[in-house]
Amino acid sequence: MEASDAATKDPIWRTAMRSLFKKWIKSEERHVYRVPEGQRVYAVGDIHGRLDLFEGLIAQIEEDDARRGPADTTVVLLGDLVDRGPDSAGVIDAAIAWSARRRVRTLCGNHEEMFLKSLESEKVLREFLRFGGRETVLSYPIEPHEYAELTFEDLRKRLCTLVPLEHLEFLKGLEDWIVIGDYLFVHAGIRPGVAIDKQSVQDLRWIREPFLSADAPSPYCVVHGHTIYDQPLEQSGRVGIDTGAYQSGVLTALGLEGERRWFVATPKANS
């Protein structure tokens, strides 16, 4: 009798193999992520003031959603709508308008956090302006020469008069995390090993490591922005969809339905 034949007839060996097979099946099942039946989700990466790209992607998502047939559709904007690009105020207006037509849920990114805090703190305003906030300020009705002439404290006070109440209410109402089915949507990421309801706001909006290096960092598949990739990055337990729209001209959305995933993105020629 060959050694391999003897092994297959060994009850201990067969029991061990069945146990390993069951563990393998369970492991594979943990990596099949789904949204609830009848639902469809589109998650949009960091827009950063690129109203032109945002308007184009809205049209693409609406067309894609209609083509796929009826569903209970939710759009999740992953945060960082503002800064760096030329029309942050216009992006906020567009997000508010889109929310009036369909279910759109928006996360607070680190740039929205700084924007709100800069209205109350000259120190934060200085940091905000260095990280793309200048473009946000100038997207409101202030002339560049006035901007250049104001002190930081005067600019802070002026900014409080420039940002309309509708924008403030929108920004203050942004969410920190969203769960739909097996997917967790956050702006930056999560702290591996920490339950979602125990995550710090700092991590949800700012983290990179150890999140980016973690293998399946949570029971959910984490969909995030914040860290730029040349193209969407799918890894074990996470999908990163910030494709650097403000500089690349590519704004990306992830589509989800059942177990299926697909991407919708603006053409690079729009940069």
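Residues are numbered from 1 along each chain as its sequence is written, and side-chain values use heavy atoms, with hydrogens and water left out. As the model is predicted, local features need pLDDT of at least 70 and side-chain atom pairs count only at pLDDT 80 or more, while totals for chains, interfaces and linings use all residues.

## Overall make-up

The chain contains 11 helices and 10 strands. Here helices (H or I, at least four residues) and strands (E, at least two) are DSSP runs, numbered from the N terminus. Of its 271 residues, 48% count as buried; buried means under 20% relative accessible area, exposed over 50%, and partly exposed in between, with a 1.4 Å probe and protein chains only.

## The five-stranded sheet

Let us turn to the sheet. It is open, has 5 strands in the order β3-β2-β1-β9-β10, and its pairing is mixed. Its edge strands are β3 (104–106) and β10 (260–265), each of which pairs on one side only. On average, neighbouring strands of this sheet are turned by 20° against each other, direction ignored. Such angles come from axes, which are lines fitted to C-alpha atoms (for helices over the stretch in contact), and they run from 0 to 180 degrees between N-to-C directions. Two strands pair if DSSP finds at least two bridges between them.

Because 5 of its 6 residues are buried, β1 is largely enclosed by the rest of the structure. With strand β2 (residues 72–77), β1 pairs in the parallel sense over 6 bridges, and Val-41 stands opposite Thr-74 in β2. With strand β9 (residues 252–257), β1 runs antiparallel, joined by 4 bridges; here Ala-43 stands opposite Leu-254 in β9.

Further along, β2 runs parallel to β3, with 3 bridges joining them. In that pairing, Val-76 has Arg-105 in β3 as its bridge partner.

## A helix pair

Helix α4 (residues 88–101) packs against helix α9 (residues 165–172) at an angle of about 70°, their axes 11 Å apart. The two helices are therefore roughly perpendicular to each other. For such labels, angles under 35 degrees count as roughly parallel, over 145 as roughly antiparallel, 65 to 115 as roughly perpendicular and the rest as oblique.

From α4, Ala-89, Ile-92, Asp-93, Ala-95 and Ile-96 take part, meeting Glu-166, His-167, Phe-170 and Leu-171 of α9. These residues divide into 6 nonpolar, 1 polar and 2 charged. In this grouping, Ala, Val, Leu, Ile, Met, Phe, Trp, Tyr, Cys and Pro count as nonpolar, Asp, Glu, Lys and Arg as charged, and the others, Gly among them, as polar.

## Individual residues

Several residues deserve a look of their own. The table lists the relative accessibility of four of them.

| Residue | Relative accessibility | Class |
|---|---|---|
| Asp-83 | 0% | buried |
| Thr-243 | 5% | buried |
| Ala-216 | 26% | partly exposed |
| Thr-161 | 59% | exposed |

Asp-83 sits in the loop between β2 and α4. Its phi is near 80°, a positive value in a residue other than glycine. Ala-216 also has a positive phi, about 50°, although it is not a glycine; Ala-216 is in the loop between α10 and β6.

That loop, between α10 (201–206) and β6 (221–228), also holds Pro-210. A cis peptide bond joins Glu-209 and Pro-210, with omega about 5°.

Thr-243 lies in the loop between β8 (238–242) and α11 (245–248). Leaving aside neighbours within four places in sequence, the contacts of Thr-243 include Ile-228, Tyr-229, Asp-230, Ser-248 and Thr-252.

Thr-161, finally, belongs to helix α8 (residues 152–162). Its C-alpha atom is separated by 9.8 Å from that of Leu-119, 42 residues apart along the chain.

Terms used. Contact = heavy atoms within 4.5 Å.
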